[in-house]
Amino acid sequence: MTPVSRDVRQRARDRIARLAGSGLDLVSFWRASTEVLTSAVPHDFAPCWFTLDPASLLVTSHFDEGVPELPDQWLIHEYYQDDVNKLADVACSERGISTLHEATGGDPASSPRWHFNMGLGGDQELIAALRTPAGQVWGALGLYREPDQPLFDDAELAFIRAVAPSLADGARRALLVGEAADPEGPDAPGLLVLSQEGEVESATPGVERWLAALPDGDWGAGRLPSAVRAVAGRALRTAEHTDEPGQVAVARVLSRSGTWVVLHGASLVSGGGRRVAVIVEPAHPARIAPLLMSAYGLTEREQEVTRLVLQGSSTAEIAERLVVSAHTVQQHLKSIFDKTGVRSRRDLTGKVFFAHYEPRLRDNERRAIADQPLRGGPYARSATT
């Protein structure tokens with residue numbers, strides 16, 4: 001493979017940062033990022049892009065130009081079998097990046113994952129968590145190389161780690177845009193598109209409800225809340241600074257009812273004048289807690305324990321995080337297993353994934369093929385046995 005210069009990687013890093021703030025839908029963002037990524041980190045096959053629910057680290061969508069549908073065998077392996085280099089494990093790690101050769105101590109053939117990948121022609125596997133600067137994991141990236149190719153080196157790993165926060169921000173924003181454009185429920189985000197002069201060019205259905213909840217605005221009179229104008233202004237200003245590409249304005253606002261609302265502003269890609277998208281959403285995007293309560297009747301503490309189990313935390317880590325004894329954690333686990341009808345942590349993770357996330361994943365695969373917006377979070381339905 002031809003060596004890649006530092007300048008090429010710096011330009012690629014800046015380009016990905018700009019893409020993250022450009023208001024693209026998720027599939028368009030992944031495609032554009034793939035083109036840039038290829039110039040900086042040579043790889044074989046198409047990259048495998050995932051979105052993860054940051055509350056559980058379970059897969060919500062998958063996009064791969066060469067593999068439009070994830071094989072069932074891959075999902076069973078990821079959530080029911082022991083192995084290394086799994087998405088949630090990498091997402092929880094301090095580095096947030098791992099290769100299969102590293103994870104196996106240079107003996108990839110010892111991993112069932114390697115044998116599965118080799119069946120598709122991939123000898124090497126690089127998994128990177130897409131983690132925002134605030135620490136939330138919104139996705140993962142998989143890159144692959146055929147046998148006899150050079151190993152992913154330190155410079156390539158450093159580049160991926162450097163662009164991962166931008167990729168995470170871009171994925172998060174793209175999911176918000178998609179959910180606002182094609183709302184799934186009453187708490188779906190709202191989206192406004194404003195001109196450079198601050199005039200409303202378009203709005204998604206129901207956005208007026210979000211705006212009415214914010215102080216000092218009057219949608220009927222054409223007066224936007226000051227928080228919306230401020231976020232839009234910051235997004236437009238940051239788009240003018242090439243030394244800080246892709247910055248996105250964010251504000252957390254207390255609504256008239258006393259709940260918190262989050263505003264995201266991003267400058268949009270446009271052939272004409274500058275435009276800005278402002279996305280309005282509730283300040284509690286994670287939907288796994290109410291799902292676990294309604295589907296299984298878990299208490300608040302049992303929901304917390306379950307969420308940490310799904311993220312791969314050990315009993316000791318859960319005890320430390322919740323400031324309780326290991327014995328108390330075990331008692332909670334016993335109750336959780338009884339209520340969900342499973343016998344182990346692995347079975348619990350598999351049940352939650354296949355009951356609530358696999359339907360979302362499959363629906364998103366269909367939506368990607370049909371050029372429809374992709375959605376994040378679990379699929380809300382009753383648990384199945």
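How many bridges pair β4 and β5, and in which sense? Select these two strands in your viewer: β4 and β5 pair over 8 bridges, in the antiparallel sense.

Before going on, a word about what is on screen. This is a predicted model, in which local features need pLDDT of at least 70 and side-chain atom pairs count only at pLDDT 80 or more, while totals for chains, interfaces and linings use all residues. Residues are numbered from 1 along each chain as its sequence is written, and side-chain values use heavy atoms, with hydrogens and water left out.

**Stop 1**

Helices (H or I, at least four residues) and strands (E, at least two) are DSSP runs, numbered from the N terminus. Two strands pair if DSSP finds at least two bridges between them.

Now show the open sheet of 5 strands with the order β2-β1-β5-β4-β3 and antiparallel pairing. At the edges stand β2 (59-63) and β3 (97-99); each has a single partner strand, so one side of each is left without a neighbour in the sheet. From one strand to the next, the twist averages 15°. Angles like this run from 0 to 180 degrees between N-to-C directions, and axes are lines fitted to C-alpha atoms, for helices over the stretch in contact.

Click on Ala 140 in β5. Opposite Ala 140 stands Ala 129, and Phe 50 also stands opposite Ala 140. The antiparallel strands β1 and β5 are joined by 5 bridges.

Is β5 mostly covered or uncovered? It is mostly covered, with 9 of its 9 residues buried. Buried means under 20% relative accessible area, exposed over 50% and partly exposed in between (1.4 Å probe, protein chains only).

Then find the hairpin of β4 and β5, with 5 residues between the strands: Gly 135 takes a positive phi near 100° there.

**Stop 2**

Move on to another open sheet of 5 strands, ordered β7-β6-β10-β9-β8 and paired antiparallel. Its edges are β7 (200-203) and β8 (249-254), each with a single partner strand, so one side of each is left without a neighbour in the sheet. On average, neighbouring strands of this sheet are turned by 20° against each other, direction ignored. Select β8 with its antiparallel partner β9 (residues 260-268): 6 bridges join them. Ala 249 stands opposite Gly 265 in β9. Helix α7 (residues 154-181) packs on this sheet, touching β6 (190-195), β9 and β10 (275-282), and its direction makes about 80° with that of β10. Contact means heavy atoms within 4.5 Å.

**Stop 1**

**Stop 2: aromatic rings**

How many aromatic pairs does the structure hold? There are 6 aromatic pairs. Rings of Phe, Tyr and Trp (its six-membered ring) pair if their centres lie within 6.5 Å; planes under 30 degrees apart count as stacked, over 60 as edge-to-face and the rest as tilted. Zoom in on Trp 30 and Trp 49: the ring centres are 4.4 Å apart and the planes at 10°, so the pair is stacked. Trp 30 lies in helix α2 (residues 26-40) and Trp 49 in strand β1, so the pair ties together parts that are 19 residues apart in sequence. Trp 30 is buried at 0% relative accessible area, and Trp 49 is buried at 1%.

Next, show Phe 353 and Phe 354. Their ring centres are 5.0 Å apart and their planes at 85°, so this pair is edge-to-face. Phe 353 is buried, whereas Phe 354 counts as partly exposed at 25% relative accessibility.

**Stop 5**

Most residues other than glycine have a negative phi. Asn 85 is not a glycine, yet has a positive phi of about 65°. Look for Asn 85 in the loop between α3 (72-80) and α4 (87-92); Asn 85 is buried, with a relative accessible area of 4%.
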